[in-house]
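Hi everyone, thanks for coming. Let's walk through one model together, starting with its sheet and ending with its ligand.

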Amino acid sequence: EAARKLFLGEVDFLKGVVAMDGLPPDDRIEVCFAGRSNVGKSSLINALTRRKGLARASNTPGRTQEINYFQLGSERYLVDLPGYGFANAPVAVVAKWQALLKNYLAGRQSLRRAFVLVDFRHGIKPVDEEIMTLLDRSAVTFQVVLTKADKVKDKDYDKTLAQVREKLSKHPAAYPEIVLTSSEKGDGIPTLRAIIAGLT
Ligand code: GTP
Ligand code: MG
């Protein structure tokens, strides 16, 4: 279908941005992937586009330290963000990219939707709520993507989903539908492609 064609078609790395004035012109439909360090943002971009090394993923929290732009077809950008929360990098460096991250999330006109990734095993943490509150204030619609579904134990499944739903109900900018994904197994990938392809 169309969404699959879009994601398996022309996708290219555009640039890594380290300051707000380095952002490309905001004339395309843009979605971003935000979430705690190591939650699986870069891996998800690779799974969506089925290109293993497109976004750099790694077991070291704090792997992505710039705002990375990928061109999806000729009308859209996928944006891989640095993680928040714990990172394996010097404090001053982390502070700089956290500030950039917040400025980006609060001030990007063409940002149609922020996907806030949450590890399905851990649920929503206080740092996630901080980001969600920032998105509420900036009126940026955000949608929660639960990651690493392949690692969730059956007994934790309903409990975590209930926690996430309960927390989201308090955020006016939250989109109610939650997407369950595994970049490893491919769960939820077609759903997420369709959501992104359908944004206008
Ligand atoms: P930062 O850039 O450091 O903020 O991290 P990130 O959110 O981009 O995470 P990344 O994609 O680098 O993945 C972190 C680790 O989680 C890697 O070791 C991935 O292989 C692993 N991982 C990501 N997604 C999944 C998944 O769906 N299932 C499993 N089992 N592991 C995953
Ligand atoms: Mg990353």
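Let's begin with the sheet: it is open, has 7 strands in the order β1-β3-β4-β2-β5-β6-β7, and its pairing is mixed. At the edges sit β1 (11–17) and β7 (179–180), each of which pairs on one side only. In case the words are new, helices (H or I, at least four residues) and strands (E, at least two) are DSSP runs, numbered from the N terminus. Two strands pair if DSSP finds at least two bridges between them.

Some housekeeping. This is a predicted model, where local features need pLDDT of at least 70 and side-chain atom pairs count only at pLDDT 80 or more, while totals for chains, interfaces and linings use all residues. Residues are numbered from 1 along each chain as its sequence is written, with chains lettered from A and ligands numbered from 1 in the order in which they are written.

Is β3 mostly covered or mostly open? It is mostly covered, with 5 of its 6 residues buried, where buried means 20 or more other C-beta atoms within 10 Å of the residue's own, with C-beta atoms placed from the backbone.

Next, a pair of helices. The axes of α3 (residues 91–107) and α4 (residues 126–138) come within 8 Å and cross at roughly 35 degrees. Those axes are lines fitted to C-alpha atoms over the stretch in contact, and angles run from 0 to 180 degrees between N-to-C directions. K102, L105 and A106 in α3 meet L134, L135 and S138 in α4, contact meaning C-beta atoms, placed from the backbone, within 7 Å. By class, these residues are 4 nonpolar, 1 polar and 1 charged.

Finally, which residues come nearest to ligand 1? Of the 24 around it, they are G40, S43, A57, T64 and G83; "around" here means a C-beta atom, placed from the backbone, within 6 Å. Helix α2 (residues 41–49) gives the most to this shell, with 3 residues.

Definitions and conventions:
Buried ≥ 20, exposed ≤ 12 C-beta atoms within 10 Å, placed from the backbone. Contact = placed C-beta atoms within 7 Å. Nonpolar A, V, L, I, M, F, W, Y, C, P; charged D, E, K, R; others polar.
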